Amino acid sequence: MTARGEPNEFGRANRRRGEVEAAIDGERRILCLTLGALAELETAFGVPDLSALAARFSAGRVTATDLTRVIAAGLRGGGNRISDDEVAAMHVEGGVAACVAIVGDLLEAAFGTTDVSRRP
C-alpha cells in the first residue's frame with residue numbers, strides 16, 4: 001500500500017504501522033518514521049518538537065540534504081542499518097521527484113493528512 005492507502009507494486013508495507021515501501025538502489029525497502037526516527041529528525045533539523053518538525057515540511061520546501069536525512073531515518077526506522085552518507089550515494093529510480101514522493105509518503109504516514117510537500 002502507498003501512504004495514501006492505494007495498493008503498491010510491492011505489497012509488503014503495513015500502512016497502519018506507518019510503513020512505506022520504495023525501490024531504492026534496486027531493492028525493495030521498507031521505510032518507517034518510528035518514534036526514534038522522528039526524534040533523530042528533530043535533532044538533525046534543530047526543532048523543539050513534532051509540531052515544529054511537521055511545520056518545517058508543510059511549507060513544501062525541501063533541500064537535497066532534507067531528502068537524504070528523512071529517507072535515511074525512514075530506512076533505519078524500517079530496520080535497515082545505513083548511514084546518511086550511504087543513502088546519499090544510492091540511486092532512486094525517478095530521481096529527485098521520486099525522493100520527494102518517498103519523503104512525502106513517509107511524513108504523511110507519520111503525521112496523517114498533513115500536506116507535507118508539493119509533489120510532482
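Modeller: Of the 120 residues of the protein chain, 42% count as buried (under 20% relative accessible area with a 1.4 Å probe, protein chains only; exposed is over 50%, partly exposed in between). This is a predicted model, in which local features need pLDDT of at least 70 and side-chain atom pairs count only at pLDDT 80 or more, while totals for chains, interfaces and linings use all residues. Residues are numbered from 1 along each chain as its sequence is written, and side-chain values use heavy atoms, with hydrogens and water left out.

The protein chain has five helices and two strands, read as DSSP runs (H or I of at least four residues for helices, E of at least two for strands) and numbered from the N terminus; their order from that end is β-β-α-α-α-α-α. Where contacts (heavy atoms within 4.5 Å) join residues at least 6 apart in sequence, 48% of them link residues at least 24 apart.

A pocket here is an open set of points on a 1 Å grid over the protein atoms alone, with protein on both sides within 12 Å along at least five of seven lines, and its lining residues have an atom within 4 Å of a point; the volume is the space filled by probe spheres set on the points, which are joined across faces, edges and corners.

The lining of the second largest pocket is made up of Ala64, Leu67, Thr68, Ile71, Val87, Ala88, Met90, His91, Val92, Val96 and Cys99. Two or more of these lining residues come from each of H3, helix H4 (84-88) and helix H5 (95-111), and H3 provides the largest share, with four residues. By type, the lining holds nine nonpolar residues, two polar and no charged, where Ala, Val, Leu, Ile, Met, Phe, Trp, Tyr, Cys and Pro count as nonpolar, Asp, Glu, Lys and Arg as charged, and the others, Gly among them, as polar.

Thr68, one of the lining residues, sits in helix H3, which spans residues 64-77. With a relative accessible area of 19%, Thr68 counts as buried, and, leaving aside residues up to four places away in sequence, Thr68 touches Asp84, Val87 and Ala88. Of these neighbours, Val87 and Ala88 also belong to the lining. Cys99, another lining residue, is likewise buried, because its relative accessible area is 16%.

Notes: On a 1 Å grid over the protein atoms alone, a cavity is a set of points where a 1.4 Å probe fits but cannot get out, and a pocket is an open set with protein on both sides within 12 Å along at least five of seven lines; lining residues have an atom within 4 Å of a point.
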